[in-house]
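Me: Could you walk me through the aromatic rings of the model shown here?

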Amino acid sequence: MKEIALIGSPNCGKTTLFNRLTGTRQRTGNWPGVTVERKDGRLPLPSGNSVQVVDLPGIYSLHDDIQGIEARVAHTYVQSNSPALVMVVLDATRLARQLSLLPDIIATGKPVVLVVNMLDSAEAEGIHVDLDCLRRETGLPVAGVVSSTGEGVDKLKTLIDELLISYPAGRLDFDIAELGKKVYRETGKQSRTEKIDRWLLHPIYALPIFLFVMYMLFTIAVNLGAVFIDFFDIILGSVFVDGTRWATAALGAPEWLQAVLADGIGGGIQLVGTFIPVIGCLYLCMSALEDSGYLSRAAFVIDRLMAKIGLPGQAFIPLIIGFGCNVPAVMASRALGQASARLTTIFIAPFMSCGARLSVYVFVGTAFFPSQAQNAIFALYLLGIGVAVLSAWILRRKLFGGMVGANIAEMPAYHRPLIRNVLTQTWHRLYSFIWRAGKRILAVVLILNVFSSMGTDGSWGNQDTEKSMLSATGKVLTPMFTPMGVGENNWPATVGLFTGLFAKEVVVGTLDTLYTPPEVIAEGDKIEAPDVLADTLSAFAAVWNNLTGLAGALTDPLGISSAQEDIASEQPGSYQAMKNLFPSAWGAFCYLVFILLYAPCVATIGVMQKEAGQVWLGFSVVWSLLLSYWLASNLWHLSLLVSAPLSASLWIIGSSLVLYICYRLIMAQMKRGIKDHIPAVNL
């Protein structure tokens, strides 16, 4: 099947055109040799034939030194492959500047067709594009389209049919600047974009407006998505966990197989499902902002502040998303053009306190310092931001100092987000998470759940009990955590760190269960079949109940007050046992510091491995563990300076020296492998 390459700058509407041409006949994979995402799809033509459309990365130039790996991928493809046609997509509202890409494409000798997109936006901006003049001056076939509505797409398909039979060679004897003047003319009236930008890019109002938009993005996406989390959790748990356990038990399957299928695979599917609503809502909001043209403005507004830690303004978007969930935060980093910026953002995104960690903060905080819980939680949020800023600064200074390239961004014209395009973009991004990141999450959940179910006596079904292998391991490892304020017999806190790898909110259930163990089910008790109908009704009821509380989200976007009330009312029984096992409230706070910074959940680990590769994931996790242990233990020993000044001082000095040595070793390893690793970064 013949191939057609689709190339153009970011924000030119290339992806919208690709979706319009290929519809659901798409597939994603990786380019050979790198983990940059490749997207292609089949395009049926009027003649009855079909061609393969390859969506190349969005670039401004084919030169490697401008856009890094994206330019190399596009350049390598155009030079090394033989596409039947190269479609250069141009934004009609920015045509004069985007024509600079054209000579490089024509020089490759490949057959080229120019597709001038967003003609409707150009008209609204008071811009006239002379397509006939563009055709005459370049000697190339030209098509005008509005990919958002489909206008001109059928004519483009017919033109492709004709060009696959015969095509002109094109010319190189034209001056880009002169060509822009001939084909691109502004009518003189103030455009819609200029009117809007008077406010959104105003020297005084731009930053407050930006913060308000980010606040609304976070509040709407996270809180609206949270409405449906219980729905997925209840239904998927009923079918894949309880249903699988009942079915395997009814068939006489051994207990180990029940644990693998129900708790492992079923639990993994349930966990992945609970991420769908939040991630889907975040992608929906992000796609709407992206389609409207505001995201590039947001990056411009915050660019100066982000530059101080070596990141472009676009990196702020993934980081702010991280306060809702680290998973989409890591995945959103693929929008960053520079490989160093993507890697740094992926590295520091897990330090943002996600909503799942909030439930742990509230649970422990309400028990130990109820009147000051919100202050403690706010301190943890600030600490996470501080660690992220420090880590980014270190990477910029020690690792990426000579690798930071030009930050090129173009601000497209504003236009109304098209529902079809927004939904299509959201679906493709969500699909990628479910099927590509989900399988990694499923594998880790399977291992941890089986380990939690297996008992020290060889029995199964010991989740959240003292008999499980996970609990036994926690008892063995608890002495490792006593230097940071965990009591010597406080093994439930250690187990909570392990189960927190599933998802940080699981820590609450683990601690509450282990501090107040449930009644043991007698051996031989029959496993009842789940009532799927009742569970479904309960799931819909949960959606309704969550919707009724959605109105208060604007005044409590992080859910601190509501979470504190829920936990205080539902789980007070475990508080006394927890207080007895932690040596002090300060020890509990140090434990929360470790929860904040140590290894992210399996969902985040999965997408980090997908987006940055195994090597960078390893560096990130090791640094997080070292830094979290050092910070939590030193905070605890600061409280011992009065009662045990010598031992506390020795610990602080010794641990700081060890951290510094580890830091130098990590930096040396990262410098050694970074040149080979950067080309393997996802888009």
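This is a predicted model: local features need pLDDT of at least 70, side-chain atom pairs count only at pLDDT 80 or more; totals for chains, interfaces and linings use all residues.

Me: Is phenylalanine 589 buried or exposed?
Reply: Residues are numbered from 1 along each chain as its sequence is written, and side-chain values use heavy atoms, leaving out hydrogens and water. Buried means under 20% relative accessible area, exposed over 50% and partly exposed in between, with a 1.4 Å probe and protein chains only. Phenylalanine 589 has a relative accessible area of 14%, so the word is buried.

Me: How many aromatic pairs are there?
Reply: Rings of Phe, Tyr and Trp (its six-membered ring) pair if their centres lie within 6.5 Å; planes under 30 degrees apart are stacked, over 60 edge-to-face and the rest tilted. By this rule, the count of aromatic pairs is 14.

Me: Phenylalanine 481 and phenylalanine 594 form which kind of aromatic pair?
Reply: Their centres are 5.7 Å apart. With 75 degrees between the planes, the pair is edge-to-face.

Me: How many residues apart are phenylalanine 481 and phenylalanine 594?
Reply: Helices (H or I, at least four residues) are DSSP runs, numbered from the N terminus. Phenylalanine 481 is in helix H21 (residues 469-481) and phenylalanine 594 in helix H27 (residues 585-597). This pair links distant parts of the chain, and the separation is 113 residues.

Definitions and conventions
Helices (H or I, at least four residues) and strands (E, at least two) are DSSP runs, numbered from the N terminus.
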